[in-house]
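Thanks for coming, everyone. I have one structure to walk through today. Let me put it on the screen.

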Amino acid sequence: TLARLAASVVDTYSKSIDLSCSGDFGAEGCELQNAYNINAERGVSGFDLTHNLSASWVWQLPFGSGNRYSSGSRLVNGVIGGWQVNGILSFYSGRPFTPSVAGANQYLGQPTRPDRLRNGAVPNPTIDQWFDPTAFAPVPADAYRYGNSGRDILTGPGAVSVDTSVFKEFPMFHEGQTLQFRAEFFNVMNHANFGQPDGRINLPTAGIIGSAGAGRQIQFALKYLF
């Protein structure tokens with residue numbers, strides 16, 4: 001038989017909007033700024049991913065007994081047969097985050113979000129300047145009002161990951177029992193997927209990204225199927 005290949009591709013374009021920080025997973029600046037104006041909290045959900053592309057595939061190689069490329073030798077068929085290659089490609093755009101003011105005490109009515117002077121996004125963001133902190137300013141202490149910045153108005157970096165695995169099955173002496181060797185590679189391209197920037201606009205680290213996701217990881221395993 002020919003090699004068996006199965007693939008799936010799912011591309012999602014979406015937008016989620018809500019009135020709370022419940023989906024922001026503890027992001028900086030995610031507090032209810034004014035309990036008397038819930039509508040001011042309306043914004044993009046913290047879990048929103050505008051673009052989300054996922055592709056997966058399973059390829060059973062055409063070698064060994066009963067396949068296109070086989071040998072008369074049982075030993076050779078046992079070595080070259082039973083191989084399977086799998087993969088998952090994940091690509092998604094960045095999660096939103098909220099500019100905030102470090103040191104503001106929401107319980108004392110201090111504005112936790114700044115005033116927005118300009119858009120704040122930069123044309124070519126880098127990990128050293130993901131957004132423009134000078135586009136925001138803390139509300140003056142004698143203003144007695146809240147900042148006009150909305151919630152989740154900026155977007156962090158997206159992520160790309162390719163995970164692959166190679167399986168090899170060894171038939172056991174009893175029918176229906178198989179020993180499976182697995183070699184699994186996570187983020188096999190070792191792509192740098194950066195975390196969110198520091199959104200506290202009155203700190204020296206404002207706009208700087210200081211974290212990243214896991215790099216390439218490799219693991220091996222044996223699985224007995226019966």
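How many bridges join strand E12 to strand E13? There are 8, between E12 (residues 159-171) and E13 (residues 178-186), and these strands run antiparallel. Phe-170 stands opposite Leu-179 in E13.

A word on the source. This is a predicted model, where local features need pLDDT of at least 70, side-chain atom pairs count only at pLDDT 80 or more, and totals for chains, interfaces and linings use all residues. Residues are numbered from 1 along each chain as its sequence is written, and side-chain values use heavy atoms, with hydrogens and water left out.

Now the terms. Strands are DSSP runs of E, at least two residues, numbered from the N terminus. Two strands pair if DSSP finds at least two bridges between them.

Next, the sheet. It is open, with 6 strands in the order E1-E4-E5-E12-E13-E14, and the pairing is antiparallel. At the edges sit E1 (4-13) and E14 (217-225), each pairing on one side only. From one strand to the next, the twist averages 10°. That angle comes from axes, lines fitted to C-alpha atoms, and runs from 0 to 180 degrees between N-to-C directions.

Back to E12. Ser-165 belongs to this strand. Is Ser-165 buried or exposed? Buried, because its relative accessibility is 10%, and the cut-off for buried is under 20% relative accessible area (1.4 Å probe, protein chains only). Beyond neighbours within four places in sequence, Ser-165 is in contact with Gln-84, Val-85, Asn-86, Ala-183 and Glu-184. Contact means heavy atoms within 4.5 Å.

Last, a hairpin. E8 connects to E9 through 2 residues. Ala-121 has Phe-131 in E9 as its bridge partner.

Conventions. Helices (H or I, at least four residues) and strands (E, at least two) are DSSP runs, numbered from the N terminus. Buried means under 20% relative accessible area, exposed over 50%, partly exposed in between (1.4 Å probe, protein chains only).
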